[in-house]
Amino acid sequence: MTTKIIAEIGINHNGDVEIAKQLIDVAAVAGCDYVKFQKRNPDVCVPEEQKSKIRDTPWGEMTYLQYKWKLEFDHEEYDELFSYAKSKNIGMMASVWDFDSVDFMMDYTGRMKIPSALITNHELVSYARDRSDYLMISTGMSTEKEVEAAVKHARPDLIFHTNSTYPSPIGELNLRYISWLTNKYPEAEIGYSGHEYGLTTTFAAVAMGASWVERHITLDRTMWGSDQMASVEPIGVMKLVNGIRDIDKSMGENAPRKLFNSELTKRETLRG
């Protein structure tokens, strides 16, 4: 089995198509299978009490709503980015945060994800299920009952285990939940979406059975943005992919022990 790897660009492009292309390049060169963005209609997604609050941003002072719109790409940009990803032989998809964004992404792909923050929005979950070919959900911030309800409404093709803290405390990753999900939902694929520092625990998730891995990527963790510090820089993305591919090769079969050709010479030397 080959683990599928998603490099989540999310909003780490800071509204700049050229940065987004550089991040696509990083993911493609490293050997990731997909890049993933986040698509929102801020007029819908930003709470009313937050919209008029003033923020200091790289573009100067502006309202929080104006800032969120700065991070959004429209059809012109997505046309360009989907075409660019295709030229680099890497798939592209998005997390959808509202009904408008589901409709928007349908113009490009039937593969989309409901983020952890929204899996309790059953109307959105059902709407996305009815319109997507392959639907993913993440379980962060949720109780087991909330996960059960989300699975009921989403009938997801892929369920990601995740801790939604950015960055996630290592002691709260609860990687054994991957096994729980695997046993509880055999009809779905089970993945791991990591927000922790480092790669070791993500490798462990693959060894525990996660068939998909998702990590945020960035050009530089010191860049502006809420997700940058919990993201993986270019060298780390290459290490991530190489490590996962080595784990894939090493797993073997859950079966009686096999004597490999590489052992035969040593067997003859030591046993005669």
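Q: Which element gives the largest share of the lining of the largest pocket?
A: Helix α4 does, with three residues. The model is predicted. Elements that give two or more residues to this lining are β2 (34-39), α4 (64-70) and β10 (212-216).

Q: What makes a residue part of a pocket lining?
A: A lining residue has an atom within 4 Å of a pocket point. For the largest pocket, 31 residues line the space, and Gln38, Arg40, Trp97, Tyr166 and Asp227 are the closest to its centre. About 500 Å³ of space lies in this pocket.

Q: How is the lining of the largest pocket divided by class?
A: There are twelve nonpolar, eleven polar and eight charged residues. Asp, Glu, Lys and Arg count as charged.

Q: What lines the second largest pocket?
A: Its lining is Met1, Thr3, Val206, Ala207, Met208, Gly209, Asp248, Met251 and Gly252. The volume is about 160 Å³. By class, five residues are nonpolar, three polar and one charged. Gly counts as polar.

Q: Why is the contact of glutamate 214 with lysine 36 called a salt bridge?
A: The cut-off is a side-chain nitrogen of Lys or Arg within 4 Å of a carboxyl oxygen of Asp or Glu. Here the closest N and O atoms are 3.4 Å apart, and the pair forms a salt bridge. Glutamate 214 lies in strand β10 and lysine 36 in strand β2, so the pair ties together parts 178 residues apart in sequence.

Q: How do you know whether glutamate 214 and lysine 36 are buried or exposed?
A: Buried means under 20% relative accessible area. Glutamate 214 has 1%, so it counts as buried. Lysine 36 has 0%, so lysine 36 counts as buried too.

Q: Why are lysine 51 and glutamate 48 separated by about one helical turn?
A: They are three residues apart in helix α3 (residues 48-51).

Q: What makes aspartate 157 and arginine 129 a salt bridge?
A: Their closest N and O atoms are 3.1 Å apart, against a cut-off of 4 Å. Aspartate 157 lies in the loop between α8 (144-154) and β8 (158-162), and arginine 129 in helix α7, so the pair ties together parts 28 residues apart in sequence. Aspartate 157 has a relative accessible area of 24%, so it is partly exposed. Arginine 129 has 10%, so it is buried.

Q: Why is aspartate 133 called exposed?
A: Its relative accessible area is 63%, and exposed means over 50%. Aspartate 133 is in the loop between α7 (122-131) and β7 (134-138). Methionine 112 is 21 residues away in sequence and 8.3 Å away in space, C-alpha to C-alpha.

Q: What makes the nonpolar surface patch?
A: Val29, Ile235 and Met238 make this patch of about 300 Å². Patch residues need over 30% relative accessible area. Isoleucine 235 has 57%, so it counts as exposed. Its place is in helix α11 (residues 234-250).

How values were computed
Residues numbered from 1 in each chain as written. Predicted model: local features only at pLDDT ≥ 70, side-chain atom pairs only at ≥ 80, totals over all residues. Heavy atoms only, no water. Patch = residues over 30% accessible without salt bridge, like charges linked within 9 Å, V, L, I, M, F, W, Y side chains within 5 Å. Areas by Shrake-Rupley, 256 points an atom, 1.4 Å probe, with all protein chains shown as cover. Helix = DSSP H or I, 4+ residues; strand = E, 2+ residues; numbered from the N terminus. Buried < 20%, exposed > 50% of the residue type's maximum accessible area, 1.4 Å probe, protein only. 1 Å grid on protein atoms, 1.4 Å probe; cavity = no way out; pocket = protein on both sides within 12 Å on 5 of 7 lines; lining within 4 Å. Points joined across faces, edges and corners; volume = space filled by probe spheres on them.
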